Amino acid sequence: MGNGTGIGRVRGLGSARHGAHHWLAQRYTAVGNLLLVLWLIFSLLTMPGLDYESVVGWIANPLVAVPMMLMIVSIFWHLRLGMQVMLEDYVHDKGLAFLSMLLLNFYAIGGAAAGIFAIAKIAFMGAVE
Amino acid sequence: MARTSSRPLSPHLTIWKWGPHMLISILHRITGNGLALVGAMGLVWWLMAAAMGPEAYATFVACATHPLGYVVMIGLTWSFFQHLFSGLRHFVLDMGAGYELNTNRMWSIAATVAAVLVTGFVWLFIFAENF
């Protein structure tokens with residue numbers, strides 16, 4: 001394995017043909033996670049209660065719902081990139097590698113959609129009686 | 001990856017003396033993938049339960065406050081801080097700094113110890129507030 005052709009390097013694509021995009025996106029989302037998950041942990045620790053009414057009332061606040069949605073995007077994007085690297089290292093069979101990437105994409109996009117939908121429902125509909 | 005059995009493999013885990021840099025490296029992968037599966041699913045479960053209503057939320061709380069639930073949550077807290085401190089170390093390494101043997105060793109140990117300490121503080125705070 002080489003480091004790609006000269007012109008490939010000039011275009012910033014390298015041997016994987018994706019350039020540094022994957023690597024950079026992993027760092028951007030890492031900073032997103034750093035800020036947003038720390039915010040979630042501090043918020044949970046300082047909230048008066050974690051019962052149903054308190055939690056739903058808290059998430060319904062736009063200043064909570066929006067960062068929470070951003071956190072879901074950042075987390076699932078980051079785990080999508082990180083698990084890809086792990087699978088590329090350990091899954092050598094071409095067919096299994098394809099299948100594992102398929103399942104990873106379903107998991108990352110499906111999980112993010114579920115999380116964002118849940119936050120949106122709480123924000124728009126409030127508590128369920 | 002195709003491998004010809006007659007060709008030698010590069011010396012790997014069996015030949016190197018274990019050190020903090022190896023520990024923090026594999027912990028980064030283990031905690032990252034643990035968070036990606038257990039942590040992310042737990043987070044979405046919590047949000048979904050809150051969105052579905054009081055009964056679903058009560059089921060989530062019953063599981064989370066079960067002794068095993070605490071074990072999982074403490075494990076996730078440690079995984080998060082281990083991955084966070086190890087990730088900060090990676091940002092420094094990305095800049096091309098911290099590769100000298102002693103510096104690398106010191107920050108590998110520091111990040112691993114810091115993760116345990118912060119996890120301890122967080123849960124001491126939780127237990128002191130609630131019990």
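Trainee: In this predicted model, how far apart do the end C-alpha atoms of residues 68-85 of chain B lie?

Mentor: The unreviewed UniProt entry annotates residues 68-85 of chain B as "transmembrane region", along with residues 26-48 and 106-128. The span 68-85 is 100% helix and 0% strand. Its end C-alpha atoms are separated by 26 Å.

Trainee: What is the corresponding distance for residues 106-128 of chain B?

Mentor: Residues 106-128 carry the "transmembrane region" annotation in the unreviewed UniProt entry. Here too the chain is 100% helix and 0% strand. The end C-alpha atoms of this span are apart by 32 Å.

Trainee: What percentage of residues 30-50 of chain A is helix?

Mentor: For chain A, the unreviewed UniProt entry lists residues 30-50, 56-77 and 98-124 as "transmembrane region". Of these, residues 56-77 are 95% helix and 0% strand, with end C-alpha atoms 25 Å apart. Residues 30-50 have end C-alpha atoms 27 Å apart and 0% strand, and their helix content is 81%.

Trainee: Why does the end-to-end distance of helix α1 of chain B agree with its number of residues?

Mentor: Helix α1 of chain B comprises 33 residues, 20-52, and at 1.5 Å a residue it should span 48 Å. The helix bends by about 35° at B:Leu35, and B:Gly53, with a positive phi near 135°, follows it.

Trainee: Is B:His83 buried or exposed?

Mentor: B:His83 belongs to helix α3 of chain B, residues 67-94, and the unreviewed UniProt entry lists this residue under "binding site". The cut-off for burial is 20 or more other C-beta atoms within 10 Å. B:His83 has 28 C-beta neighbours inside 10 Å, so the residue counts as buried.

Trainee: Which element gives the largest share of the side of chain B that touches chain A?

Mentor: The contact takes 23 residues from chain A and 19 residues from chain B. On the side of chain B, the elements giving two or more residues are α1, α2 (54-64) and α3. The largest share, eleven residues, is that of α1(B).

Trainee: How many residues on that side of chain B are nonpolar?

Mentor: The side of chain B that touches chain A has one charged and four polar residues. The nonpolar residues there number 14.

Technical notes
Residues numbered from 1 in each chain as written. Chains lettered and ligands numbered in written order. Predicted model: local features only at pLDDT ≥ 70, side-chain atom pairs only at ≥ 80, totals over all residues. Helix = DSSP H or I, 4+ residues; strand = E, 2+ residues; numbered from the N terminus. Expected span 1.5 Å × (residues − 1). Bend = angle between axes of the 7 residues up to and from the residue. UniProt positions renumbered as here; feature names shortened; annotations may be inferred. Buried ≥ 20, exposed ≤ 12 C-beta atoms within 10 Å, placed from the backbone. Contact = placed C-beta atoms within 7 Å. Nonpolar A, V, L, I, M, F, W, Y, C, P; charged D, E, K, R; others polar.
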